[in-house]
Amino acid sequence: MGMSIFDMRFGGRKFAIHQAVAVALCGITTLLWMSAVSAEVLLTATDEGIVITQDGDDWAMASPADGLWTIGTGWSKQAPQAWHHASPIHTQTLGPWTHFTGTVQTPDGPWRVSDQYRIDDNGLIHAKRRWQYLGDAPSGPVVLSVRYRVSPRGDDSLKPFLPGIQYYGNPSGTRIDPTRVPTWQSDPGFSALYQEHRYPMPFAAAIDSGRGVAALHSRPSKLPAAARDDLWWSLGLIQREDGVELTLQSGPVATNGLPGMAKARQTKLLPFDDAHLVAVKPGTVIEKQFWIQLADAPVVGHEFQKPLWTSIDLFDPVADRSMPAIEDVMSAKLRDTFDRWHQDAHCRGFRTRPPQAQSWMMMGWADRAEVPGHALLTLDLTGQCDDPALWKRRAADSLDFLCQAPTVGKKADPMFSIVYDYQQHRWLQRTNPLSTAQALTGIARAIRSVRDHRSGDGEPDVDVSRWESFLAAQLDLIRDRVGRANWHPVSTNEAFAIAPLVLGSELMQREDWMDAARRLADHTIDRHLTMVEPYWGGTLDARCEDKEGAWAALQGFAALYESTGEKQYLDAAVHAADVCLSYLYVWDVDLPPGRLADQAVKTRGWTDVSVQNQHLDVFGVVFTPVIWQLGDWTGDSRYHQLAQVMLVSCGQMTDLATGVQGEQLFQTNYQQHDAGETIAGMRGGYSEAWNIYWITAHFLTAAAEFQRLGVDWRSFPVCTDD
């Protein structure tokens, strides 16, 4: 091809934008616009509607044949009873804007509708739609809409990409349990419509594999004259006979093709009734702002990156002084860590579960008992506690104890126990490749940190020999597993082992571990970068497409690139990072009364969990140092900006006195703990009681890694532009 994936991903970021040229001929207006990657985008208006194409390409995105404007009336079975269509009757060009106006006749009375289109500086078609109800009396049920259709250029059906919701159809989650995740079918009429506040990045995209991407971006908003409380516009896709319709609708939702059903619980859908407008008063004006994107995307599995970075640029999420000072948050997280110390005649370490839960010290997902051994030995504790030396000794003691974990599990696939019960004084028969690999990464980082902070005589201040022996024995087991001829991971979760294999190889000069890391990384690249099987399986309670699976790959690819400098691993890291970032909220959701609104929480910078567990959590904090490194490696300072907003924003809801912070924030109509069977009241809640240690551990891991990189996280937010 003569061009790497990296070049395609970052090439053409600067746009050559020309003034729109409007030519009226025989009632047809054609607009010629310059768009991204120097491709000309043509918008043609006819008597029926509009057609969007790229110069020299017959691929088109267009308003439906039945009209540019469509309004639904009546209400039955959670959908309008009838749809009414109209096309423009007047076209006018004013400066860069082209206006279309017309009237949609409905049984309640006419609606005057107007559209405005122009080219924005980012190369998108920027659109505004305005409806005005001109009936003589308040309306009955009504649904307003925005619709554009696109058809595949080849034999393959278009695939959906809905950030945080649908990843090329969610093939893995669908295969395991289609009742728990949003699914997709290419059957005419199949619909996937979700309220805008469920979207971390508010766009819906249709993927033409290896050819292009069509996307509809929205500026999220609530609706007036709503038949139910807290009604927002919905956004998504509907499969049609001739392709896919990208659509916005004033309220209706559909999950897995079921109208009026929302993904509201971890394991089930719930009804979302009366999602329409009603009793709209005569003269009422309603407006919607959106952007249309049609772009070439020639690399299979990378098509989603075009609308993803468009959304980041549109909303430009930044950290600001409305959020807690990160130094205050980190001090609180250290206090939370100190408060968890436990020692007795049998063990020494840090409790990882809330007091009312299990009496565990658990390594890896989801508790991270190994992290204090890394973080406390790395960070400057001066001013954070009365005796920094004591806490550094305790951190070392905790790893001395954890590295006594026995090897358990199946004889053919042994791993160490990740859980010690400090009340029963015994190691439990609990293990899995995801958690063990995460724990080994923390242990390897602790060894590296001790070696990097030697005393004056050149010897380490801490004896790490027990840690080294434990690490070596466990990496040998992983090497043996990866080296089997029949080895094939269930999911992306084993990619978590890439990073400790690389770190261990560097620490102990073991090329066999580096060879195993390469085999695991190359397998992950071959298996997941095409998105035929998107990254998945990195969250133990959600066996589906998730950001943790993408993080497993990203952490490993980044470790290999940092160690070897080989470009293929940077290319892969960029891809995995962009999938991780698709779960990142780039905008602030307007929250209803509740705990989150009490604290004026800003949702930008937080991440969704997976396509199954669609609440916010702080998990993204742990990969902020790698996101920062991508900014250094690619020269794209937006990665620096995103790393900052992720680290700073996720400090919200931390009790700055104790460091306590709950695991789950409910920004959308989804709850996981103590949830009812109705959607009303779900949004805006906060599950504070489940204060599991990984929440604190991720902050301390990020701080320690930023310190290793020489990045002053205490100064966030900072300007990183040249």
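Asp 242 is partly exposed, with a relative accessible area of 45% (partly exposed lies between buried, under 20% relative accessible area, and exposed, over 50%, for a 1.4 Å probe and protein chains only). The structure is a predicted model, in which local features need pLDDT of at least 70 and side-chain atom pairs count only at pLDDT 80 or more, while totals for chains, interfaces and linings use all residues. Residues are numbered from 1 along each chain as its sequence is written, and side-chain values use heavy atoms, with hydrogens and water left out.

**Salt bridges around Asp 242**

- A salt bridge is a side-chain nitrogen of Lys or Arg within 4 Å of a carboxyl oxygen of Asp or Glu, and by this rule the count is 44.
- Asp 242 forms one of these with Arg 149, at 3.9 Å from N to O.
- Asp 242 lies in the loop between β18 (234-240) and β19 (243-249) and Arg 149 in strand β12 (residues 142-150), so the pair ties together parts that are 93 residues apart in sequence.
- Helices (H or I, at least four residues) and strands (E, at least two) are DSSP runs, numbered from the N terminus.
- Arg 149 is partly exposed, at 21% relative accessibility.
- Both residues belong to a network of salt bridges that also links Asp 66, Arg 147, Arg 240 and Glu 245.

- Arg 510 and Asp 476 meet through their side chains in a salt bridge of 2.8 Å, N to O.
- Because Arg 510 lies in the loop between α9 (498-508) and α10 (511-528) and Asp 476 in helix α8 (residues 465-482), the pair ties together parts that are 34 residues apart in sequence.
- Arg 510 has a relative accessible area of 23%, and Asp 476 one of 21%.
- In a further salt bridge, the closest N and O atoms of Asp 512 and Arg 479 are 2.7 Å apart.
- Asp 512 lies in helix α10 and Arg 479 in helix α8, so this pair ties together parts that are 33 residues apart in sequence.
- Asp 512 is partly exposed at 25%, as is Arg 479 at 24%.

**Packing of α10 and α11**

- The axes of α10 and helix α11 (residues 547-564) come within 10 Å and cross at roughly 130 degrees; axes are lines fitted to C-alpha atoms, for helices over the stretch in contact, and angles run from 0 to 180 degrees between N-to-C directions.
- Residues in contact (heavy atoms within 4.5 Å) include Met 514 and Ile 525 in α10, and Phe 557 and Leu 560 in α11.
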